[in-house]
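Here is a short tour for someone seeing this structure for the first time. Keep the 3D view open and follow along.

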Amino acid sequence: MLSYNVNEHSNKPYTSTANGTDLIQHAFIGNSNQQFKAVLSSVSGYYSLIPMHATGSALEITDTLSGNDANVQIWQKPSSDYMNSQKFRIVRNSNGTFKFLSYSSNFTRAIVVKNNGLENLDPIIQYDDNGSTNGHWVLEPAINRPDWATKATRSEYAAMGMGYPIADTSVKHMPVTGNRYGPRSSGTHFGIDLSNASGDTRDQKLVAVADGKLVYKCTDPGESQGYCVSIELSGSQFKDPVSGNQLIVTYMHMRDMPTFRDNYHFSKNDTVGYIGLTGNVSSSTAYHLHFEVINTGGTWTNRNYNTTINPIYFFPNTSFTTGFSTTTYPLNWDTNDYYKQ
């Protein structure tokens with residue numbers, strides 16, 4: 001899959017200029033020098049990262065150096081397999097970000113932004129894999145991607161203190177890759193689908209994540225969303241730092257038709273409804289809550305990548321589980337997590 005590889009700490013993608021030049025970070029431009037394709041070698045079993053502006057080259061650790069502070073550059077790849085300096089393991093972190101561990105360091109060191117830099121042109125180097133966010137990267141699909149200018153940072157959303165939408169907070173399983181936020185085989189998924197690992201989540205109570213008022217409700221169980229409600233959250237802490245609008249959360253596929261009056265006021269943890277099976281619910285997801293967050297003042301009826309936020313940002317202390325490996329990036333890159341705007 002083609003991606004922009006965005007640093008979790010600086011929210012900037014790494015960027016190349018020309019063959020033989022060092023890798024840097026830079027604010028999003030959208031050009032091919034910020035787009036990289038991960039290619040799995042059938043010979044070595046490791047990944048190489050190919051810049052789209054120079055597809056005859058690959059990202060590499062300069063001179064195959066094994067130590068800290070080695071530069072990361074773009075260099076021509078051989079005609080056969082990639083050089084050892086151009087081989088990496090791509091490992092998924094618990095929060096959905098990824099790290100690139102170099103063959104040159106025997107996979108003990110990662111690609112990081114030097115000195116936790118936040119500025120354009122800060123260099124990318126090899127350094128100890130110590131868990132720091134300057135070595136964590138979000139793999140943004142290079143198709144149908146949002147405008148980053150419409151989003152605040154992940155940490156800003158995490159600090160808002162949003163409650164969990166299901167009364168039983170142990171219900172935090174996303175059974176298949178299409179249950180996550182982002183692109184999927186059937187189109188685009190602007191929220192997350194939550195159930196439990198057994199798949200039997202019927203009748204679980206849904207609760208308000210904060211004080212707010214009803215701004216939309218769906219009363220036709222045959223529509224794709226099934227029975228649903230949208231709540232505009234109250235309070236300055238739920239005003240989006242970028243758009244200035246109050247956040248709106250939507251609960252879909254509920255069991256019962258909502259009967260709340262227009263502008264009905266919810267207090268945090270009030271009952272919103274129950275998990276159901278209405279709408280376009282497939283056998284792979286069964287009973288589940290589709291939950292999404294909008295930051296531009298509209299409702300789910302006109303949302304897109306630029307108007308929605310990945311809901312997991314708001315639950316920094318929740319370890320979501322999935323039906324796939326959470327350790328090493330799956331070989332099928334189409335199953336990429338769309339965890340960061």
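## A spot in strand β4

Let's start with V39, which sits in strand β4. Keep in mind that this is a predicted model. V39 has a relative accessible area of 25%, so it counts as partly exposed, since the buried label needs a value under 20%.

Leaving aside residues up to four places away in sequence, V39 touches Y46, Y47, S48, I50 and Y82.

Now for the aromatic side chains. How many aromatic pairs does the structure hold? The count is 14. Take Y14 and W137, an edge-to-face pair with 4.9 Å from centre to centre and 70° between the planes. This pair links distant parts of the chain, with Y14 in strand β2 (residues 14-15) and W137 in strand β12 (residues 137-141), 123 residues apart. Both Y14 and W137 are buried.

Y46 and F107 make a tilted pair, with centres 5.1 Å apart and 40° between the planes. Y46 is in the loop between β4 (36-40) and β5 (47-51), while F107 is in the loop between β9 (98-102) and β10 (109-113), so their pairing ties together parts that lie 61 residues apart in sequence. F107 is buried, because its relative accessibility is 11% and the cut-off is 20%.

Ring pairs also build a cluster: Y14, F36, F100 and W137 are linked this way.

## Arginines over rings

F107 comes up again here. Which residue lies over the face of F107? That would be R89, at 4.0 Å from the ring centre.

Further along, have a look at Y274. R255 lies over the face of this ring, at a distance of 4.4 Å from its centre.

## The disulfide

Last stop: the cysteines. The count comes to one disulfide. It is formed by C218 and C228, and their sulfur atoms are 1.8 Å apart. The two cysteines are ten residues apart, with C218 in strand β18 (residues 212-218) and C228 in strand β19 (residues 227-233).

Are these two cysteines buried or exposed? C218 is buried, and C228 is as well.

Methods. Residues numbered from 1 in each chain as written. Predicted model: local features only at pLDDT ≥ 70, side-chain atom pairs only at ≥ 80, totals over all residues. Heavy atoms only, no water. Disulfide = S-S within 2.5 Å. Helix = DSSP H or I, 4+ residues; strand = E, 2+ residues; numbered from the N terminus. Buried < 20%, exposed > 50% of the residue type's maximum accessible area, 1.4 Å probe, protein only. Phe/Tyr/Trp six-rings, centres within 6.5 Å; stacked < 30°, edge-to-face > 60°. Lys NZ or Arg CZ within 6 Å of the ring centre and 35° of its normal. Contact = heavy atoms within 4.5 Å.
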